[in-house]
Amino acid sequence: MDSETPTQAPARRYFTWDEVAQRSGREKERWLVIDRKVYNISEFSRRHPGGSRVISHYAGQDATDPFVAFHINKGLVRKYMNSLLIGELSPEQPSFEPTKNKELIDEFRELRSTVERMGLMKANHVFFLLNLLHILLLDVAAWLTLWVFGTSLVPFLLCAVLLSTVQAQAGWLQHDFGHLSVFSTSTWNHLLHHFVIGHLKGAPASWWNHMHFQHHAKPNCFGKDPDINMHPFFFALGKILSVELGKQKRKYMPYNHQHKYFFLIGPPALLPLYFQWYIFYFVIQRKKWVDLAWMITFYARLFLTYGPFLGLKGVLGLFFVVRFLESH
């Protein structure tokens, strides 16, 4: 009798955008929508491989486009998402928040489809190999400058300029590896990312991912994009607000003149001072020992190769001059 009884499918649960919006994390419960399906990420957000903040920034919202942009193997990821599925949007509900502009979203998705059809998302491996080789050659050229011409002022400055170019170029190269956009598998992307940002630049891959993924998930959204978290310390956001704060002499700086002093304060404070101590705080506080090991190889190579020429003080001086130039 049991074998002849038809299996009854579980009833679908339908939700409205108002219900989803209420689960934005303010009451600890977090839902989001992908392709009209509603997922409960309240517990999963802490285990999210891309970081808890990236996924939590979309709690209470539609995350379809970020999901497509951030994941290489979407089929594999969707298998893990099944356990988080709690229902879908009601048929009368739009596919994204009612506050969003449908024409803009449609145009964006059409643009993305066009870019993919044109093959612009397929990386040229020869280009990235040559990019890496030219960085390594400039790194060697910087050392050869001191070895051949000595450590007087002109060779020292030429060496610093070459190393600054190396650091800036490596910064952009690690950017593409960090986005997992060079190779079709994440393993090779992660390995090269560790090498370039860890060994060539002395910074942790996990820190960059933590900061930069949030930036791309919510670009220029105050409170979610860490790239604009300087407000309102040295700089204030927006033309109107910065002028108002400056004229009223509120907070800390004359913000109505920030366009004049940005170049003097921003770059020197960013890499040589703030980032330099914060990256070590980040890896130790979060126990990212693999990243710390890669970083140590950078500093070991720096002191072993330049120490015989410049001594301890000279190497430290070269290092901070390079960071200063790189930051600008």
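A residue is called partly exposed when its relative accessible area lies between the limits for buried, under 20%, and exposed, over 50%. The legends below describe close-up views of a predicted model.

**Figure 1. The salt bridge between R23 and E29**. The closest N and O atoms of R23 and E29 are 3.5 Å apart. E29 has a relative accessible area of 31%, so E29 counts as partly exposed. This pair belongs to a structure in which a search finds 11 salt bridges.

**Figure 2. The salt bridge between K100 and E97**. Here the closest N and O atoms are 3.3 Å apart. K100 is partly exposed, with a relative accessible area of 33%, whereas E97 is buried, with a relative accessible area of 10%.

**Figure 3. Helix α5 and its two ends**. Helix α5 comprises residues 102–117, 16 residues in total. From the first C-alpha to the last, helix α5 reaches 23 Å, close to the 22 Å expected at 1.5 Å a residue. At the start of α5, a side-chain oxygen of N101 comes to within 2.9 Å of the backbone nitrogen of E103. Just after α5, G119 adopts a positive phi of about 80 degrees.

**Figure 4. The salt bridge between E326 and R323 in helix α12**. The closest N and O atoms of E326 and R323 are 2.9 Å apart. Both residues lie in helix α12 (residues 289–327), three residues apart, which is about one turn of the helix. E326 and R323 are both buried.

**Figure 5. A network of salt bridges**. Through salt bridges that share partners, D62, D65, R109 and R112 are joined into one network.

How values were computed. Residues numbered from 1 in each chain as written. Predicted model: local features only at pLDDT ≥ 70, side-chain atom pairs only at ≥ 80, totals over all residues. Heavy atoms only, no water. Helix = DSSP H or I, 4+ residues; strand = E, 2+ residues; numbered from the N terminus. Expected span 1.5 Å × (residues − 1). Polar contact = N/O pair within 3.5 Å; in protein donor to acceptor, adjacent residues only side chain to side chain. Salt bridge = Lys/Arg side-chain N within 4 Å of Asp/Glu carboxyl O. Buried < 20%, exposed > 50% of the residue type's maximum accessible area, 1.4 Å probe, protein only.
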